[in-house]
Amino acid sequence: IIYDMSADQLGGVMSGKDVETSFLVETFIRMKELVQGKATYDIGLAGGVMDPQLLIKATMPEGSIYNEKIKNVYCEVVDSLDNLWLFKKEHHHFFADTLYYESDRNYYLSGRGTLPLDMEDSLGFYAKIKGNVLAHLPRYEAFFEEADVQGEMEIEVHGSLNRPKFEYFR
């Protein structure tokens with residue numbers, strides 16, 4: 001990491017290959033269950049000392065996000081580190097310009113938007129899903145034991161992770 005005192009700016013890049021993501025996530029935000037699997041990544045740090053941004057590009061051949069098994073993950077995200085509160089998840093909002101993954105439940109998701117790490121913070125995310133679009137229905141409604149409906153759908157979600165509001169559904 002390089003610090004330019006005259007401009008009060010930080011900059012640097014860190015890269016890794018086949019690194020266990022749960023250790024990285026646990027180190028920075030204490031949420032080991034958020035992402036698990038081996039990833040290849042580039043992490044850049046840029047901006048002012050009191051408001052740097054973390055720029056992340058990562059690929060993960062297989063793993064899990066919030067305990068959902070996934071494969072072929074690719075993402076480009078920016079994390080705003082408000083006043084260097086690096087270890088408090090309520091200060092983190094991932095701005096995903098590109099997110100793509102395949103689920104073990106036979107669907108593909110591509111999307112973009114804001115994903116908070118705090119379950120109560122606001123989110124705004126657009127996604128396009130192809131394949132088994134109702135794969136998660138049994139997870140949220142006990143009446144359904146299994147769901148396998150092939151198709152496409154687009155959704156836009158706001159609210160919070162605990163209280164999502166589907167603003168657009170097609």
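I began with Asn-72, which is partly exposed because its relative accessible area is 37%; the scale I used calls a residue buried under 20%, exposed over 50% and partly exposed in between, with a 1.4 Å probe and protein chains only. Asn-72 lies in strand S5, residues 68-80, where strands are DSSP runs of E with at least two residues, helices are runs of H or I with at least four, and both are numbered from the N terminus. I noted a positive phi of about 55° for Asn-72, although this residue is not a glycine. Most residues other than glycine have a negative phi.

Before going on, I recorded that this is a predicted model, in which local features need pLDDT of at least 70 and side-chain atom pairs count only at pLDDT 80 or more, while totals for chains, interfaces and linings use all residues. Residues are numbered from 1 along each chain as its sequence is written, and side-chain values use heavy atoms, with hydrogens and water left out.

I then looked up the loop between strand S6 (93-103) and S7, where Asn-106 is found. Asn-106 has a positive phi of about 65° and is not a glycine; with a relative accessible area of 54%, Asn-106 is exposed. Arg-105 lies in the loop between S6 and S7 and counts as partly exposed at 34% relative accessibility. Leaving aside neighbours within four places in sequence, I found Arg-105 in contact with Glu-68, Asn-132, Ala-135 and His-136, contact being heavy atoms within 4.5 Å.

My next entry concerns Leu-109, placed in strand S7, residues 107-116. Leu-109 counts as buried because its relative accessibility is 11%. Not counting residues up to four places away in sequence, Leu-109 touches Leu-99, Tyr-100, Tyr-101, Ala-127, Lys-128 and Ile-129. For Ile-129 I also took the C-alpha to C-alpha distance to Leu-109, which is 4.6 Å at a sequence separation of 20 residues.

I turned to Ser-160, in the loop between strand S9 (150-159) and strand S10 (164-169). Ser-160 counts as buried, because its relative accessibility is 5%. A polar atom of the Ser-160 side chain lies 2.9 Å from the backbone nitrogen of Arg-163. With residues up to four places away in sequence not counted, Ser-160 touches Met-119, Glu-120, Asp-121 and Leu-123.

Last, I took the values for the whole chain. I count 2 helices and 10 strands, in the order β-β-α-β-β-β-β-β-β-α-β-β along the sequence. Along the principal axes, the C-alpha atoms fill a box of roughly 60 × 35 × 25 Å. I noted that 36% of the 170 residues count as buried, and that, among contacts between residues at least 6 apart in sequence, 42% join residues at least 24 apart.

Conventions:
Polar contact = N/O pair within 3.5 Å; in protein donor to acceptor, adjacent residues only side chain to side chain.
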